[in-house]
Amino acid sequence: MLNVPEYLGHPLIVNNALFALSASDLLFHWDPDVKWTMTRIHHPLPEIDRDISPTARFGGYPPAYAENGLVVADETTNRFLALITGKTQQQWHRDLTHSLGIPAVGGHLLYTGFGGPGGVSGIVALDAQNGEPQWKYAPKDPEPDPQVYQQILSPKSVEVPVIGQSDRMLTDRRTGRKIPALEIKGYSTQMVPVPVMQPYSTSPFQHWSNSGLVVTQENVYGEVNHTVVALNRIGGTLVWKYPIGPKDVITSIVATPEHLVFCISTASNGLREPVWSVERTKANRLVAVDLKEGKEVWSQAVPRPGNLALANGLLFFTDGALHVLGGTAETGDQNEIAQAAKAPTLGAETDSSGRPVESAVLSSPR
Amino acid sequence: MIRASLGLALLSLLTVLPAPVRGDDWLQFRHDATHSAVSQDKLHFPLKELWTWNTMGPNKHRPLYHSVIRKGWIYFTASEKQQRFLICANAKTGVVKWRQPLQAERLSFTVSDISGPAVTESGRVFVYDWVSITDKPTIKTLTDAIFSQAASLTCPEVLGAIDCFAVRTFDAMTGKEGSYFPMAAMGANGVLSRVSLLETPFGQEVAAVPPTMAGCPP
């Protein structure tokens, strides 16, 4: 039995291809029926043998598409943010000292939250073409996020001689017997574990609990230091801000052409956690504010924190379950909607086209 | 026979359901490849809940944290008893169009587990799963790739099965399964070439370094 322990994070679709970063250091690309590539991305520590310098830890960081490349980041070990433009090409990379949120791109600018739990201490804009910072909004300039050094065993490939008997004979001085001499017959590659120190964030993978950014033509919207802010997209100046409580966190934020919609969760323990691991909260609510001025226009309590999506004039809220919300114009035929309660049974009977995966066409590994 | 008839009846019911109205799609995590998280469709407040889908697998497993929408159809994964499914339903009503069973009820890496499906504009749905590959031609294809990456090593074991994380695909409209990609294609223990992001006196460079690991399958 071969078991390949490799997992991917959020998929990114570019045209017909899927890209994803793994839990470890893998960048995966698959265009079904066309090609696939897998590359491990490495950011070696300075002054350490490049072969054994610890590998990256993406933690399933969600890559974004910019300038014909992919924005990738390791915010946990030897931290970096990079634009990868080919299997073995980078356009740029920058060393980091902070945690990161989920990246977003607008025009030539790359935006990301950074610093502290959830990467929400500030928002920075970088030129996506060269990685140069363009502006930063961080009311309390955050200290670098702490790291500790831990020893890991890093594999190093070494050529080990293979020893065998030669045709040449030697004489044992004590016994006078003839014995064959030994010689190097060849070399084999072996992996030798080498102890090496790896920096590791005390609070790794803060993008897991980041709410993401919203990028419109004019502004960037996101959570910074217990506020939801609207920042001018080009210059980073503050347009408006919407304060939330000291124990409140934003779990997801999305927008329509007129409104910003987000989920506010009040953590019982005051700690920020990914939505999937939150066990107890004091209160959770969905809020919509006017996009131009940040004035609240609607609010509704929900049982748990979750993520948001928007389409067809409907709001999709996933908190371990799926809740679909719409206005009166989208309510539609109540008889039709009533069928939804029976949906699982209905769906099970319509499953007639599936094939067991063992017989599926293995099209890519050629 | 009864089951087949019921299936046909329900299939015919599905064919008369109205096609959802087309709006701006939400095809992937954060809406699009740039993660703008902006839909061109407006919301009309106040909102009220139209329908819900509750899901609960073993040990209170609730992996439903993302959904995507294309042409009025919503795609998401949900557990039911011991099984996880990829589900396509009418976004407005929740009426199921099709659903496909997945092999793994839970994926060990939580981000993989809660990452919803993603769908292309052309209508291919990608979803994460865990597969057990037992057919010999596929295993041979994979093991040839694996051992070609470690040519100097000999692996006496004959593999009877390969278990691995996989990306599966389905047709968005019909639910028909397409090709899938097993991560075992990368090789034993993940043997792959690496690229290093380097700082040099002359600027940033990318350089190849030896694979992270190599060896016989455990």
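**Exercise 1. An open sheet**

In which sense do β16(A) and strand β17 (residues 219-224) of chain A pair, and over how many bridges?

Solution. The model is a predicted one.
- Step 1: the pairing of β16(A) with β17(A) is antiparallel and extends over 2 bridges.
- Step 2: at the level of residues, Val215(A) has Val220(A) in β17(A) as its bridge partner.
- Step 3: the pair belongs to an open sheet of 4 strands in chain A, ordered β16-β17-β18-β19, with antiparallel pairing.
- Step 4: β16 (214-215) and β19 (238-243) of chain A have a single partner strand each and stand at the edges, so one side of each lacks a neighbour in the sheet.

**Exercise 2. The surroundings of β21(A)**

Determine why strand β21 (residues 259-267) of chain A is described as largely enclosed, and identify its partner strands.

Solution. 
- Step 1: a residue counts as buried if 20 or more other C-beta atoms lie within 10 Å of its own.
- Step 2: 7 of the 9 residues of β21(A) are buried, and therefore the strand is largely enclosed by the rest of the structure.
- Step 3: strand β20 (residues 248-255) of chain A runs antiparallel to β21(A), to which 7 bridges join it. A hairpin of 3 residues links β20(A) to β21(A), and Asp248(A) lies opposite Thr266(A).
- Step 4: β21(A) also pairs with strand β22 (residues 281-290) of chain A, in the antiparallel sense and over 9 bridges. Here Ile264(A) stands opposite Arg285(A).

**Exercise 3. Ile84(A) and Val72(A)**

Is Ile84(A) buried or exposed, and with which residues is it in contact beyond its neighbours within four places in sequence?

Solution. 
- Step 1: Ile84(A) is located in strand β8 (residues 80-86) of chain A.
- Step 2: Ile84(A) has 25 other C-beta atoms within 10 Å, and is therefore buried.
- Step 3: with neighbours within four places in sequence set aside, its contacts are Leu27(A), Gly69(A), Leu70(A), Val72(A) and Gln90(A).
- Step 4: under that same exclusion, Val72(A) contacts Ile84(A) in turn, together with Leu21(A), Leu27(A), Ile41(A), Tyr61(A), Pro63(A) and Ala82(A).

**Exercise 4. The largest nonpolar core and chain B**

Which members of the largest nonpolar core touch the most other members, and where is Leu43(B) found?

Solution. 
- Step 1: the core comprises 142 residues, of which Val72(A), Val214(A), Tyr221(A), Leu260(A), Leu315(A) and Phe316(A) touch the most other members.
- Step 2: strand β7 (residues 124-133) of chain B supplies the largest share of this core, 7 residues.
- Step 3: Leu43(B) lies in the loop between α1 (2-16) and β1 (48-53) of chain B. With 26 other C-beta atoms within 10 Å, Leu43(B) is buried.
- Step 4: apart from neighbours within four places in sequence, Leu43(B) is in contact with Thr256(A), His259(A), Ala288(A), Gly313(A), Leu315(A) and Gly327(A).

**Exercise 5. Chain A as a whole**

How many helices and strands are there in chain A, and what separation do the centres of its domain 1 and domain 2 have?

Solution. 
- Step 1: chain A contains 2 helices and 26 strands.
- Step 2: of its 366 residues, 46% are buried.
- Step 3: among contacts in chain A between residues at least 6 apart in sequence, 47% connect residues at least 24 apart.
- Step 4: the chain is divided into domain 1 (149-200) and domain 2 (204-345), whose centres, taken over C-alpha atoms, are separated by 60 Å.

Note on methods: Residues are numbered from 1 along each chain as its sequence is written. Chains are lettered from A and ligands numbered from 1 in the order in which they are written. This is a predicted model: local features need pLDDT of at least 70, side-chain atom pairs count only at pLDDT 80 or more; totals for chains, interfaces and linings use all residues. A nonpolar core is a set of buried Ala, Val, Leu, Ile, Met, Phe, Trp, Tyr and Cys residues joined through C-beta atoms within 7 Å. A residue is buried if 20 or more other C-beta atoms lie within 10 Å of its own, exposed if 12 or fewer, and partly exposed in between; C-beta atoms are placed from the backbone. Two residues are in contact if their C-beta atoms, placed from the backbone, lie within 7 Å. Domain bounds come from an automatic or database domain assignment. Two strands pair if DSSP finds at least two bridges between them.
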